[in-house]
Amino acid sequence: MDTLTIRREAEADIPAIRDLTSRAFVDKPYSDQREAEIVETLRDTDSLTFSFIAVKGPAVVGHIAASPVSISDGTGNWFGIGPISVDPATQGEGIGSQLMQRALDELEAMGAGGAVALGDPTFYRRFGLATRPGLTYPGFDPQYFLAVALADPDVPAGEVTYHPAFTG
Ligand SMILES: CC(C)(COP(=O)(O)OP(=O)(O)OC[C@H]1O[C@@H](n2cnc3c(N)ncnc32)[C@H](O)[C@@H]1OP(=O)(O)O)[C@@H](O)C(=O)NCCC(=O)NCCS
């Protein structure tokens, strides 16, 4: 069985990341199917803090990105994790969890103050992300907006703004 490797994206991986991201979100009712475009816009505007892929044999089976966010109280050095995608054929094998852990390890190594993510609380909760009463993302269902403090002692209070790539 092929082992799983997680590494930074290279230019040659870009088409596979686009394809994977489209396939992962294609039938998801909570998605507007813009995730592949979001990743490309972040890359094209030098706003990908990092982009890791999971590789199994010759195939790119997973991807995770992060980008800076701003917070209305002025707190800096916080990042949005996502989009995260795993090939539908290999979901449920722990690949998404390994990508999340790699992303959090990278943010910790960078000295990031903390991270936010938009998505399923059941998936993100196991990595310490949770809803935080003081930190909001206007226009989004609050139960799906999650945060974790890393280098910062606490989660700040304020409104979070993602890179414009996320809002089109
Ligand atoms: C979400 C996603 C990245 C998870 O990747 P994965 O490789 O399937 O996740 P894992 O195998 O590491 O699963 C970890 C755990 O989370 C659970 N889980 C996975 N996806 C979940 C989801 N969407 N909602 C709730 N729980 C989920 C799994 O059941 C598993 O639990 P278990 O360990 O008790 O069995 C993947 O399902 C995916 O690409 N989904 C489509 C795109 C998407 O929704 N991205 C995230 C936006 S929130």
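**Notes on the predicted model**

1. His63 counts as buried because its relative accessibility is 0%, below the 20% cut-off. Please keep in mind that this is a predicted model. His63 sits in strand E3, and its side chain makes a polar contact of 2.8 Å with the side chain of Ser51. Leaving aside neighbours within four places in sequence, the residues in contact with His63 include Glu9, Ile17, Leu20, Thr21, Val39, Phe52, Pro83 and Leu99.

2. The largest nonpolar core has 24 residues, and Ile64, Ile81, Leu99, Met100, Leu107, Tyr124 and Leu129 touch the most other members. At least two residues each come from strands E2 (50-56), E3 (59-71), E4 (78-86), E5 (114-118) and E7 (145-149) and from helix H3 (95-110). H3 gives the most, six residues.

3. Ile64 is worth a look in the viewer. Beyond four places in sequence, Ile64 touches Phe50, Ser51, Phe52, Ile81, Pro83, Ile84, Leu99, Met100 and Ala103.

4. Now the ligand. There are 21 residues around the ligand, and Tyr30, Val86, Gly94, Gly96 and Ser97 are the closest. A polar backbone atom of Ile84 is 2.9 Å from a ligand nitrogen, while a polar side-chain atom of Asp120 is 3.1 Å from a ligand nitrogen. For Arg126, a side-chain N or O atom lies 3.0 Å from a ligand oxygen. The protein buries 71% of the 860 Å² that the ligand exposes when taken alone.

Conventions:
Residues are numbered from 1 along each chain as its sequence is written. This is a predicted model: local features need pLDDT of at least 70, side-chain atom pairs count only at pLDDT 80 or more; totals for chains, interfaces and linings use all residues. Side-chain values use heavy atoms; hydrogens and water are left out. A nonpolar core is a set of buried Ala, Val, Leu, Ile, Met, Phe, Trp, Tyr and Cys residues joined through side-chain atoms within 4.5 Å. Buried means under 20% relative accessible area, exposed over 50%, partly exposed in between (1.4 Å probe, protein chains only). Helices (H or I, at least four residues) and strands (E, at least two) are DSSP runs, numbered from the N terminus. Contact means heavy atoms within 4.5 Å. A polar contact is a pair of N or O atoms within 3.5 Å; within protein, one must be able to donate a hydrogen and the other to accept it, and residues adjacent in sequence count only if both atoms are side-chain atoms. A residue is near a molecule or strand if one of its heavy atoms lies within 4 Å of it. Accessible areas come from the Shrake-Rupley method with a 1.4 Å probe; for residues, only the protein chains shown count as cover.
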